[in-house]
Amino acid sequence: MTPDTPPRDDVRSDIVAAAARLLREHGAHAVTTRAVAQAAGVQAPTIYRLFGDKNGLVDAVAEHVLASYVATKTHRTDAAPPDPVAELRAGWRTHLEFGLANPELFRLLGTRGPGDPSPASVAGLAVLRSRVRRLATAGLLRVDEQRATMMIHAAGTGVILTLLGTPTPERDPGLGDAVLDAVLGGILTAAPVTPDPTLRTVAVTLAALTPDLPGLTDAERTLLTEWLDRSLARLRHPQP
């Protein structure tokens with residue numbers, strides 16, 4: 001590297017910023033390696049050398065745009081944790097706000113196949129799973145964690161795409177909360193576990209607590225998890 005050559009990290013940042021600007025101002029179709037290279041003042045091979053391929057560049061852009069968003073979702077303080085339902089609602093609203101504020105990035109990430117998910121999408125889903133886990137350990141879930149997570153995830157994606165496909169003046173500002181209320185009505189118990197809970201709620205809660213149960217060997221913990229997964233599967237699909 002000569003004294004006049006920018007450091008590698010600076011070049012990478014310039015490329016990511018240029019791609020993010022093209023995406024924001026001109027849409028996903030404008031984010032080509034040639035256009036990004038021209039906007040960043042580099043040669044196209046530089047992009048391949050630093051990011052591998054276009055998906056690698058998109059991942060870097062998503063990380064850049066989502067940095068503050070993910071930090072907000074995962075932030076914790078020393079204060080007592082909020083009510084898990086209130087925490088889920090806050091995260092839901094933040095997710096919807098991000099999708100509506102960054103429509104091109106949201107659509108671009110949504111086109112990735114299941115075999116090649118964006119790290120940003122994986123991180124967001126991990127945060128959702130942790131929030132659903134808190135509902136489960138509080139005895140508030142009537143369905144298993146995986147079903148609850150996928151229902152919330154699918155509903156959130158659907159709301160964002162529906163609103164993005166609706167002219168701004170015609171958008172229903174209460175749609176997001178209404179859909180979440182409907183989903184929560186299907187996955188939450190009316191109250192935390194009581195001395196007389198349903199079998200499903202007991203199984204869901206115990207499954208969530210199994211990793212932290214004291215006095216169990218790894219083999220016993222694995223076996224208990226297997227039993228509970230089997231029971232939950234049977235509760236979801238009762239045999240005649």
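How much accessible surface does the protein have, and what share of it belongs to carbon and sulfur atoms? The accessible surface comes to about 13900 Å², and carbon and sulfur atoms hold 58% of it; areas come from the Shrake-Rupley method with a 1.4 Å probe, and for residues only the protein chains shown count as cover. This is a predicted model, in which local features need pLDDT of at least 70 and side-chain atom pairs count only at pLDDT 80 or more, while totals for chains, interfaces and linings use all residues. Residues are numbered from 1 along each chain as its sequence is written, and side-chain values use heavy atoms, with hydrogens and water left out.

The protein has 11 helices and 0 strands, taken as DSSP runs numbered from the N terminus (helices H or I, at least four residues; strands E, at least two). Of its 240 residues, 35% count as buried, meaning under 20% relative accessible area with a 1.4 Å probe and protein chains only (exposed is over 50%, partly exposed in between).

The largest nonpolar core has 28 residues; such a core is a set of buried Ala, Val, Leu, Ile, Met, Phe, Trp, Tyr and Cys residues joined through side-chain atoms within 4.5 Å. Helices H5 (84–101), H7 (119–137), H8 (145–164), H9 (175–187) and H10 (199–209) each supply at least two residues of this core, and H8 gives the most, with 7 residues. Another core, of 26 residues, lies apart from it and includes Ala-20, Ile-47, Leu-57 and Ala-120.

Ile-187 is among the residues with the most contacts inside the largest core. Leaving aside neighbours within four places in sequence, Ile-187 is in contact (heavy atoms within 4.5 Å) with residues including Leu-140, Val-143, Ala-148 and Met-151.
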